[in-house]
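This explanation leads a new reader through one protein model, from its overall layout to two particular residues. Please keep the sequence and the structure in view while reading.

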Amino acid sequence: MPRCQNPRCRTDYPPGTFKCINPFCQCLLPEAVVAGRYRIETLLGLGGMGAVYRASDTFEMQQVAFKVISATSGNMDTAIAIERFRREARYAYQLHHKNIVPVLNFGQDGNLLYLVMPLITGGTLKALLKAEQPYRCNSCSSTTYRSPGYQTLEPAHSPG
Ligand SMILES: [Zn+2]
């Protein structure tokens, strides 16, 4: 029996249900298949306009991060969010930059807009859930390399 994975919801649904019907939630349930290709596995995080799941790409046979926003409510904020989502998806899809999470695919299935990214954890997930600049990876650019410490090389065993 599929159960909504939103910690604040946890509603049980009959088998074959793919989406939570609570208006405040609307999470995709495990085993839901989006666009005939992406099978939802686990809810990774919830943001203001949508959610990020771990999903299985049944074409490529790999696990991906799957961001979804719902276009159902039709208010102004949603319209703006959708437009921004589309723009950012196109932008990230075209760009290959070390500080931007690459977009593998994006599209629409019914009233769901989705964005497919490589499955990376930690700071990237946090960045994905931010409303503004969702694809920038803050933790990527801050890595500094210390010069290697002074090393004493033991002299090789010299003959004699
Ligand atoms: Zn729910």
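Where is the place of Glu-31? In this predicted model, Glu-31 belongs to the segment before strand S1, which covers residues 33-34. To set that position in context, the whole chain may be considered before the residue itself.

The protein chain contains six strands and two helices. Followed along the sequence, these elements come in the pattern β-β-β-β-α-β-β-α. The chain has 160 residues, of which 26% are buried. Where contacts join residues at least 6 apart in sequence, 37% of them link residues at least 24 apart.

Against this background, the backbone of Glu-31 deserves attention. Most residues other than glycine have a negative phi. The phi of Glu-31, however, is positive, with a value near 80°. As for its surroundings, Glu-31 counts as partly exposed because it has 13 C-beta neighbours inside 10 Å; a residue is called exposed if that count is 12 or fewer, and buried if it is 20 or more.

A positive phi is also found at Met-61, a residue other than glycine, where the value is near 55°. Met-61 lies in the loop that connects strand S3 (50-57) with strand S4 (62-70). Is Met-61 buried or exposed? Met-61 is exposed, because 7 other C-beta atoms lie within 10 Å.

The two residues may now be placed side by side.

Terms used
Residues numbered from 1 in each chain as written. Predicted model: local features only at pLDDT ≥ 70, side-chain atom pairs only at ≥ 80, totals over all residues. Helix = DSSP H or I, 4+ residues; strand = E, 2+ residues; numbered from the N terminus. Contact = placed C-beta atoms within 7 Å.
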